[in-house]
Amino acid sequence: MKDPNCGYCAGGDVLAAYGIPICDLDVSQLILFKEQSKPGRCIVAYKDHVSEIVDISDADRDAFFADVCRAAKAIHAAFHPDKLNYGAYGDTGCHLHIHLVPKYKDGDEWGGVFQMNPGKVFLSDGEYAEMIEKIKSCL
């Protein structure tokens, strides 16, 4: 099931407002979050438009969390954060997804909750492409 108004479902310009597709995983898509004040920040979005983790089968839930773990390992290997925060929200965009937010002791917001979209750091197309390749090489 897909929702044409959902960035994770529709892709294209709707997704491009905040993310860049990296690759498909087993039951989800890995997306680079455009705002990169936390270098390596990504989103793992489930393949179908469901709102809650309880809306999928046990097997798909396990596969989804395996995708999250695979992405987390790649972010750790590529960017060496001091901590990776995991955020599962969806009040406004009701599509099952998890934010993977690297935190660095010498960076902003260390010791606090990350801002959803601080709007501070945006990169060039070339810099995004380099980050994507770095993540892919660690998957």
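1. The side chains of Ser37 and Glu35 are joined by a polar contact of 2.9 Å. Polar contact here means a pair of N or O atoms within 3.5 Å; within protein, one must be able to donate a hydrogen and the other to accept it, and residues adjacent in sequence count only if both atoms are side-chain atoms. Ser37 also makes a side-chain polar contact with Lys38, at 3.5 Å.

2. A word on the model: it is predicted, with local features needing pLDDT of at least 70 and side-chain atom pairs counting only at pLDDT 80 or more, while totals for chains, interfaces and linings use all residues. Residues are numbered from 1 along each chain as its sequence is written, and side-chain values use heavy atoms, leaving out hydrogens and water.

3. Where is Ser37 placed? Look in the loop between β2 (28-33) and β3 (42-46); strands (E, at least two residues) and helices (H or I, at least four) are DSSP runs, numbered from the N terminus. Ser37 counts as buried because its relative accessibility is 15%, and buried means under 20% relative accessible area (1.4 Å probe, protein chains only). Beyond neighbours within four places in sequence, Ser37 is in contact (heavy atoms within 4.5 Å) with Asp108, Pro118, Lys120 and Val121.

4. Now turn to Ile135, in helix α4 (residues 125-138). Ile135 is buried, at 0% relative accessible area. Not counting residues up to four places away in sequence, Ile135 touches Ile22, Leu30, Leu32, Cys42, Ala74 and Phe79.

5. Ile135 also belongs to a helix pairing: Ala74, Ala77, Ala78 and Phe79 in α3 meet Met131, Lys134, Ile135 and Cys138 in α4.

Technical notes
Buried < 20%, exposed > 50% of the residue type's maximum accessible area, 1.4 Å probe, protein only.
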